[in-house]
Amino acid sequence: MSAKAKKIIIVEDEPSLIFTLKDTLENEGYEVHIVENGLEAIELADTVYPDLMILDIMLPGVSGFEVCKQIRERKHTFPIIMLTARDQEIDKVTGLNIGADDYMTKPFGVKELLARIQARLRRANSYSKAGPIDVVTLGDVRIELNESLVVRPDKEVELTTREVELIRFLVTNANEPVSRDSLLENVWRYEYSTNTRTVDVHISKLRSKIEMQPDDPRYLVTLHGVGYMMKLN
Ligand code: CA
């Protein structure tokens, strides 16, 4: 094998499926880790740092949804492919909102799963080359900068290129005051006909996309007389 084996965590409690998946993935050269319940899955993600997770929704104890949610809260960005029972359309919506990347409906063909895994790993790989910040999590809101997408519990919203730049700059300077002039310099690069009013208008628009209550922002706050600040934990 030329490259280091990619690590995949399988979270599944069905013995026959575990056996099939483990066997297939190991034959493809992946390093496979198996857990049969949700709590161990979360712990393992923190210690193994997998390249991808295959996550069953119906698990004993903590459900796959909760596992997914907690993993995203811990700022892990590896792709998660969820396994769902037939016709659980509502589950798909719930899962995508909490940060899953893809779905397989049981029963599924192993070849199709392999194809999805490869596709996700390729994408994840191109993300990590694109820049250091890919995903910003603000409570229930997930901002996928490389996709120019805001994934909220109520909807998905697209970001403009400028908004993506604005977020990158604010996040890079998180928890520090950022003046309007600094934004003009670093995000707008003093383009013709921009002024501090331009900044305020864009911030306001951005808030309506990334804050659940834009009138009472929790993350992108105004510092009166100073400018703005992105508050992150
Ligand atoms: Ca199950």
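View 1. The bridge partner of L55 is M82, which sits in strand 4. Strand 3 covers residues 52-56 and strand 4 residues 80-84, and the two run parallel, joined by four bridges. Pairing here takes at least two DSSP bridges between two strands. Strands are DSSP runs of E with at least two residues, helices are runs of H or I with at least four, and both are numbered from the N terminus. What you're looking at is a predicted model, where local features need pLDDT of at least 70 and side-chain atom pairs pLDDT 80 or more, while totals for chains, interfaces and linings use all residues. Residues are numbered from 1 along each chain as its sequence is written, and side-chain values use heavy atoms, with hydrogens and water left out.

View 2. Five parallel-paired strands make an open sheet in the order 2-1-3-4-5. Strand 2 (31-35) and strand 5 (102-105) are the edge strands with a single partner each, so one side of each has no neighbour in the sheet. On average, neighbouring strands are turned by 20° against each other, direction ignored. Helix 1 (residues 15-27) packs on this sheet and touches strand 1 (7-11), strand 2, strand 3 and strand 4; contact means heavy atoms within 4.5 Å. The direction of helix 1 makes about 165° with that of strand 2. Axes are lines fitted to C-alpha atoms, for helices over the stretch in contact, and angles between N-to-C directions run from 0 to 180 degrees.

View 3. D13 (OD), D56 (OD) and M58 (O) coordinate the calcium ion at 2.1 to 2.3 Å. Donors are N, O and S atoms within 2.8 Å of the metal (3.2 Å for Na, K and Ca), and water is not among the atoms, so sites may look incomplete. Along the chain, the spacing reads D-x42-D-x1-M. D13 is in the loop between strand 1 and helix 1 and D56 is in strand 3, so the pair ties together parts 43 residues apart in sequence. D56 is buried at 3% relative accessible area, whereas D13 is partly exposed at 32%. Buried means under 20%, exposed over 50%, and partly exposed in between (1.4 Å probe, protein chains only).

View 4. Most residues other than glycine have a negative phi, and most peptide bonds are trans. Y49, in the loop between helix 2 (38-48) and strand 3, has a positive phi of about 50° and is exposed at 54% relative accessibility. K106 and P107 are joined by a cis peptide bond, with omega about -5°.
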